[in-house]
Every structure is written in C-alpha cells, then in structure tokens.
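Colleague: Could you take me through this model, beginning with the fold and then going on to the interface and the aromatic rings?

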Amino acid sequence: MPVKWLMHWQPNQGVTLTTQILTEACQCVESQLGGAKDGRWKTALTYYRPALREASASGDLPRELLGVALHDQLGSYYFLLRAHRLILQADSSMQALMDKLQSYKPRVVLNFEVEYLPLSSIEKSRQILEDFFDIWQDTVKKRSLPGHFILVEPNFADYGLQDHYTPQHTAVQYATCMTQLMAAVRN
Amino acid sequence: MECVVQGIIESQHVEALQILLQGLCGVPKERVRVHELCLKSGPNLGVVPSEVRLLCDLAQPTPSWTVRHVGGAMRGAGAEQISVLVRTIVESKVGHNVLRFFYSLGYKLDHELLKEGFVFRFQRGAQITVTVTSANKMPKLYATDEAVPVTPGIQLVEITAPAAAENYSEVVAAVSSFCEYLAPLLHLSKPGVSMGIVPTAAAAAASLMSNSGAKTL
C-alpha cells in the first residue's frame with residue numbers, strides 16, 4: 001500500500017484561513033512540481049464520549065474514543081483509544097454495533113474533504129517525501145502565503161504498527177493531526 | 001436481523017443427526033471450535049447496561065475474531081404466533097486486540113465458553129446455518145485446552161438464517177419447513193422456550209444409523 005503523509009495548514013499569527021489560500025498552496029504543486037489533481041475524497045472522524053449513569057464518577061473510563069472512516073477503505077472502520085495507544089480495525093458495521101451498545105455516544109463528527117495529489121515502506125519513502133515537502137514549502141514561501149504546512153508525525157510504533165504502511169497508519173495520522181490542530185488553536 | 005430456533009439432543013444421537021443433515025443439506029460439514037467471551041458494561045458505563053459477545057474462531061489455522069451484539073426480539077401479536085424468533089443482530093470482524101479494546105472501554109468479562117461441534121451451511125429457501133455444539137466451561141481464565149462440558153451428554157442445536165424487514169416472513173417459512181425434517185430427532189423452538197428431548201429420538205436415530213450402514217456405539 002502506498003505511504004500517505006498527512007499535513008495540516010498552520011496559518012500565520014492573526015491570519016484567518018480561507019479556501020483561496022489553500023487553493024493557491026495546492027496550485028504550487030500543480031504548476032511548479034508537475035502534480036495532477038486526482039479528485040476529492042472524504043474521511044470522517046467521530047469523537048465518542050462515554051455515557052455515564054453518574055456524571056461525576058467517570059473512574060478510569062477513557063474520556064475519548066475516536067472513530068475513523070477512511071474514504072478509500074469503505075468496508076472498514078477504525079477505533080482509536082489514544083490514552084491506551086490502541087487501534088482496532090473492524091468492518092464498517094462496527095459503527096452500527098457501537099450505536100446499539102449505547103455505552104459511548106458520538107459527540108462531534110468531522111468530515112475531511114481532502115485533495116489527493118498518489119513505496120510501502122515508511123522509512124524508504126521518508127527521504128523522497130521530505131525532499132518533496134521541502135520543495136513545496138519553498139514554493140509556498142515564494143508566494144508569500146500567510147502560513148505553512150505542518151507534517152503530522154505520529155509515533156506509529158507506540159500503537160504497535162510496523163514500517164509497512166497500512167490504513168491503520170492513516171487512521172493514527174488523522175488522530176495525531178487533530179491533537180496537533182487543537183494544540184495550535186489553544187496556543 | 002436473523003431468524004433463530006434452538007433445541008437439545010442427547011450426545012448419543014448426534015451422529016444420526018449428522019447423517020440426516022448430510023442428506024438434507026448436500027454440503028459437507030465444517031468443524032466448529034469457538035471461544036465465546038461474553039462481556040458486560042461496568043457499573044457506571046452507559047445509561048442502560050450493555051452486553052457484547054466476542055467470538056474467537058479456533059477451527060482455522062489462524063484464529064480470527066468477530067464481535068456480535070444481539071438485539072431485541074420482534075414483538076407484537078404476529079411475533080407471538082410464529083414459532084421462530086426474529087431478532088436484530090449486528091456483527092463485525094475485528095482485529096486480535098478486540099478484548100483489550102473492550103476492557104479499556106470499561107467492559108468486564110461476565111462468562112466464557114468453548115463451543116465445539118460442527119456446522120452445515122446451505123441454501124434452502126433461505127441461507128440456513130445448522131450448528132450442533134457442546135458447550136464447555138473453562139476451569140481457569142481463557143484456558144480453552146482444559147474446558148469441560150457444561151451439560152455432559154447433551155448438545156445444543158441452533159438453526160439461524162439472516163433476514164431483512166422486507167423478507168423475514170419468507171425466511172421464517174423456510175426455517176420452519178426445514179425444522180419439520182428434524183422433528184423425529186429433536187424439538188426446535190424459540191430460544192428460552194425449552195421443549196426438552198424428543199421421545200422418538202432413540203428410534204429415529206437407530207433407523208438413520210442402520211439405513212446409512214454406520215455402526216452404532
């Protein structure tokens with residue numbers, strides 16, 4: 001499976017992100033780097049929270065359960081418990097199963113519309129992707145766009161994942177990306 | 001959704017049942033060896049308690065896991081009249097870390113069983129699955145190799161068929177009609193409605209064994 005690297009855009013201090021800025025950043029790839037737009041795909045992240053009989057006594061229940069539906073893996077669903085560094089792969093029916101249990105309820109759903117502009121070894125692909133990323137950042141800087149891309153760098157080994165890239169790696173990247181984004185918003 | 005009926009049969013008549021099923025289904029039997037873990041939500045988790053079953057298939061060279069939630073049975077006057085239970089069911093294949101996942105979510109092990117036996121899967125008006133198993137309990141946690149029968153001398157027969165809201169009456173009819181073939185050997189009814197063993201079972205079994213040329217024990 002080809003390696004996927006997830007990036008999120010960090011706007012400069014005081015700048016509001018607009019679609020215009022992102023379109024320009026993507027155009028850098030098309031015009032300067034010879035990339036071709038392949039089309040959009042949608043990924044959905046669902047944040048679940050435990051439903052408690054007594055709100056005050058949550059005990060050692062995880063405060064957050066994350067569900068990920070990847071556009072290119074429609075038959076699968078992934079659950080992540082970041083506190084336990086655990087990722088569970090399941091069929092797409094697992095989402096309906098969790099709904100039936102009523103023990104964890106969805107609180108926030110985030111839909112990602114991603115522009116996909118297509119090496120299974122992460123280590124082998126690292127140098128190539130880092131070089132590409134540097135070129136892209138330079139091109140973006142030349143356009144004086146008010147922000148820059150930040151690479152998502154999760155520790156795959158923490159979740160017991162290997163060097164060979166799988167959809168589970170992508171799900172972990174999304175979870176880490178959200179943490180980085182939320183930290184950036186707080187700061 | 002699924003349609004389901006259950007019945008019990010004495011272990012000594014299982015071979016005869018197998019011969020009968022072989023003749024009716026026209027497919028070879030498959031081995032069943034499933035470690036079933038029943039998990040229940042911890043004391044404060046969920047406004048209502050919930051239960052989930054983890055099934056580890058030990059019959060294949062590589063164990064594989066499935067998680068299953070059994071929902072409520074169909075209700076109403078219509079449901080009372082039919083002899084087959086129709087209930088909602090959700091199942092998913094899952095990774096090997098599913099037990100650790102549910103423990104981390106706050107679920108606790110309520111009980112575990114090892115089910116051993118055989119299964120016939122075939123098409124006869126509906127996609128029917130007939131499972132014949134003995135239920136075994138473990139003296140120590142997860143000790144599937146040391147399992148002992150819960151009811152020695154008695155095995156459980158379960159017939160299931162997947163159904164949808166649009167077609168469940170046809171599926172019910174297909175299952176009921178199939179059950180009639182098994183009537184000489186066992187009573188099949190809704191789970192929870194116990195009908196006991198069939199008085200004619202011994203005679204029917206003997207007849208099946210002698211017809212097939214198999215040796216009786």
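Colleague: Which pattern does chain A follow when read along the sequence?

Modeller: This is a predicted model, in which local features need pLDDT of at least 70 and side-chain atom pairs count only at pLDDT 80 or more, while totals for chains, interfaces and linings use all residues. Residues are numbered from 1 along each chain as its sequence is written, chains are lettered from A and ligands numbered from 1 in the order in which they are written, and side-chain values use heavy atoms, with hydrogens and water left out. Chain A has four helices and seven strands, where helices (H or I, at least four residues) and strands (E, at least two) are DSSP runs numbered from the N terminus. Along the sequence, the pattern of chain A is β-α-β-β-β-β-α-β-α-β-α.

Colleague: Where is A:Gln102 placed, and is it buried or partly exposed?

Modeller: A:Gln102 has a positive phi of about 65° although it is not a glycine, and most residues other than glycine have a negative phi. The residue sits in the loop between helix 2 (93-101) and strand 6 (104-115) of chain A. Buried means under 20% relative accessible area, exposed over 50% and partly exposed in between (1.4 Å probe, protein chains only). With a relative accessible area of 36%, A:Gln102 is therefore partly exposed.

Colleague: How many residues of chain B are in contact with chain A, and what is the area buried between them?

Modeller: Taking contact as heavy atoms within 4.5 Å, 31 residues of chain B are in contact with 30 residues of chain A. In chain B, B:Asn44, B:Phe101 and B:Leu105 lose the most area to chain A, together 26% of what that side buries. Buried area is the accessible area (1.4 Å probe) that two parts lose on being put together, summed over both, and carbon and sulfur atoms give 63% of it here. For chain B and chain A the value is about 2,400 Å².

Colleague: How many residue pairs are in polar contact across the interface of chain B and chain A?

Modeller: A polar contact is a pair of N or O atoms within 3.5 Å; within protein, one must be able to donate a hydrogen and the other to accept it, and residues adjacent in sequence count only if both atoms are side-chain atoms. By this rule, and with both residues at pLDDT 80 or more, the number of residue pairs across the interface of chain B and chain A is 14.

Colleague: How are the rings of B:Phe101 and B:Phe102 arranged, and which aromatic cluster do they belong to?

Modeller: Rings of Phe, Tyr and Trp (its six-membered ring) pair if their centres lie within 6.5 Å, and planes under 30 degrees apart count as stacked, over 60 as edge-to-face and the rest as tilted. At 5.3 Å centre to centre and 80° between the planes, B:Phe101 and B:Phe102 form an edge-to-face pair. B:Phe101 counts as buried at 0% relative accessibility, and B:Phe102 likewise counts as buried at 0%. The one cluster that holds them is formed by A:Tyr48, A:Tyr77, A:Phe79, B:Phe101, B:Phe102 and B:Tyr107.

Colleague: Why is the pair of B:Phe178 and B:Tyr181 called tilted?

Modeller: B:Phe178 and B:Tyr181 are three residues apart in helix 4 (residues 168-182) of chain B, and so are separated by about one helical turn. B:Phe178 is buried at 0% relative accessibility, whereas B:Tyr181 is partly exposed at 42%. Their ring centres are 6.4 Å apart, and the pair is tilted because the planes stand at 55°.
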